[in-house]
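Subject: Structure for you to look at

Hi,

Here is the structure I promised you. Open it first, then read my notes beside it.

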Amino acid sequence: MRYEGVRAPVLLAAVASFAFLLVLAFVIAPPIAGLSSVLTQRIFYFHVPAAVAGYVAFGVTLLGSVLYLLRREPGHDRIAASSAEVGVVMTTIGLFTGIVWSRVEFFSASATGGQDFAFVLLTDPKTVTTAALWLTFLAYLALRRATAGEPRARLSSVFGILGFLAVPLSYLSSVFSAHPPPDFVLTPQLNPLLRAYLGAAMAVFLLVFAALFLERWRLAERLEAHPQDAEPFAREGSR
Amino acid sequence: MSAHVTTEDAAAFVVAFGILAAGLLGYAWHLWRLGRRAGARSNQKGK
C-alpha cells in the first residue's frame, strides 16, 4: 500500500482526537439553547459529523469507481469498496442516531400533536433519502459478495457511480424537511462557539473515517490473493 | 431550557450512544478479525 507510513499516525490521531471529542461533547460544550433534551442533545457532536463522513466516504467510492472504469486497475476498485464499507458504517450511525434523537427532541409524548412518529419518519424527505442512500450502499456491498473478479469490479464501479446520486439527494432534501437546512452550520444565527465545536467534531470524524479507510484498504490489499476474505462481512463458514 | 432529565431522554441517550459505540467498536472488531485472517494467510504462505 502506497500510504503505509501514514496509517499508524492517522490511527493514533483518530483515537486520541475521538477521546478529546468525548470530553468536548460532555464536559466543555454548553447545552444547546432551544433543545429540550438534556442528555440526548450531546449526540449532535456525533450525528452530524458521522453523516458528513458518510458523504465523504461515498465521494471516495465515486472517485475510485470512475478511476477503475477509466484505467481498469484493481487497486482503484479496492479503494472504492473499502471506502463504501466505512461509509455504510458512518451512515448507519448518522441515520439511526438522528432517528432516536428526533424521537425524543421533536416527537416526545407531549409534542407529537397527534401524529404517529413512524408516519412522520416515513414522510420526512431527509430520513427517506438518507435511508435510500444507506440501502443503496448496503446493496453495493451485497453486489460485491454476489460477484467476483473483473465483472465484480466493473459492475460495482457502475453501481458506485449511480449510487452516489443519492448523496446530493440526501444532502439537499433537508430543504423540504423539518431537518435543519444543509447550510445551517454557516448561518450567522448559529452560535460561533457551537460552530467551532461542530467544526472540531467534523474534523475528528474525518480523521476516524481516514483511519478506518486506510486500515480497510490495507487489509483489502493484503487479502488480494484471497479475494473471498477481502469481501465485506465475509462469514467464517462461507469458505 | 429545562435541566430536568426525563426517562425518555435517558433512554434515547443510551440508545443513541449505544448505536455510536456499536457502530465504531463493531466495525473495529470486524477489521481486527480480517487482520487476523490476513496474518494467518501470510503465515501459511510463509511455511
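A:Glu215 is buried, because its relative accessible area is 14%, and buried means under 20%. Keep in mind that this is a predicted model.

**Salt bridges**

Over all chains, the structure holds 8 salt bridges. A:Glu215 takes part in one of them, with A:Arg7 as its partner. Their closest N and O atoms are 2.5 Å apart. The pair links distant parts of the chain. A:Arg7 is in helix H1 of chain A, A:Glu215 is in helix H8 of chain A, and 208 residues separate them. A:Arg7 counts as buried too, because its relative accessibility is 17%. There is also a network of salt bridges here, which links A:Arg7, A:Glu215 and A:Arg218.

Look next at A:Glu221 and A:Arg78. Their side chains meet in a salt bridge, at 3.1 Å from N to O. A:Glu221 lies in helix H8 of chain A and A:Arg78 in helix H3 of chain A, so this pair ties together parts 143 residues apart in sequence. Buried or partly exposed: which is A:Arg78? A:Arg78 is buried, because its relative accessible area is 16%. A:Glu221 counts as partly exposed, because its relative accessibility is 24%.

A:Glu150 and A:Arg72 form a salt bridge through their side chains, at 3.0 Å from N to O. A:Glu150 sits in helix H6 of chain A and A:Arg72 in the loop between H2 and H3 of chain A, so the pair joins parts that are 78 residues apart in sequence. A:Glu150 is partly exposed, with a relative accessible area of 35%. A:Arg72 is partly exposed as well, at 41%.

**Nonpolar cores**

In soluble globular proteins, nonpolar side chains tend to be buried together. Now see what this model has. The largest nonpolar core has 50 residues. Which of them touch the most other members? They are A:Phe18, A:Leu21, A:Tyr45, A:Phe46, A:Met90 and A:Phe205. Helices H1, H2, H3 and H8 of chain A each supply at least two residues of this core, and so does helix H1 (7-46) of chain B. H8(A) gives the most, with 15 residues.

Zoom in on A:Tyr45. Leaving aside neighbours within four places in sequence, A:Tyr45 has contacts that include A:Leu21, A:Pro30, A:Leu194, A:Tyr197 and A:Phe205. A second, separate core has 20 residues, among them A:Tyr55, A:Phe58, A:Val88 and A:Val167.

**Helix H5**

Helix H5 of chain A runs over residues 125-146, which is 22 residues. From first C-alpha to last, H5(A) reaches 31 Å, close to the 32 Å expected at 1.5 Å a residue. The buried residues of H5(A) include A:Leu133, A:Trp134, A:Phe137, A:Tyr140, A:Leu141 and A:Arg144. What do the buried residues of H5(A) pack against? They pack against helices H2, H3, H4, H6 and H7 of chain A.

**A surface patch**

Last, turn to the surface. A:Phe20, A:Leu22, A:Val23, A:Phe26, A:Val27 and A:Ile28 form a nonpolar patch there. Together they have about 510 Å² of accessible area. A:Phe20 is in helix H1 of chain A. A:Phe20 counts as partly exposed, because its relative accessibility is 42%.

Best wishes

Notes: Residues are numbered from 1 along each chain as its sequence is written. Chains are lettered from A and ligands numbered from 1 in the order in which they are written. This is a predicted model: local features need pLDDT of at least 70, side-chain atom pairs count only at pLDDT 80 or more; totals for chains, interfaces and linings use all residues. Side-chain values use heavy atoms; hydrogens and water are left out. Helices (H or I, at least four residues) and strands (E, at least two) are DSSP runs, numbered from the N terminus. The expected span of a helix is 1.5 Å times one less than its number of residues. Buried means under 20% relative accessible area, exposed over 50%, partly exposed in between (1.4 Å probe, protein chains only). Contact means heavy atoms within 4.5 Å. A nonpolar core is a set of buried Ala, Val, Leu, Ile, Met, Phe, Trp, Tyr and Cys residues joined through side-chain atoms within 4.5 Å. Patches are made of residues with over 30% relative accessible area and no salt bridge: like charges are joined within 9 Å, nonpolar side chains (Val, Leu, Ile, Met, Phe, Trp, Tyr) within 5 Å. Accessible areas come from the Shrake-Rupley method with a 1.4 Å probe; for residues, only the protein chains shown count as cover. A salt bridge is a side-chain nitrogen of Lys or Arg within 4 Å of a carboxyl oxygen of Asp or Glu.
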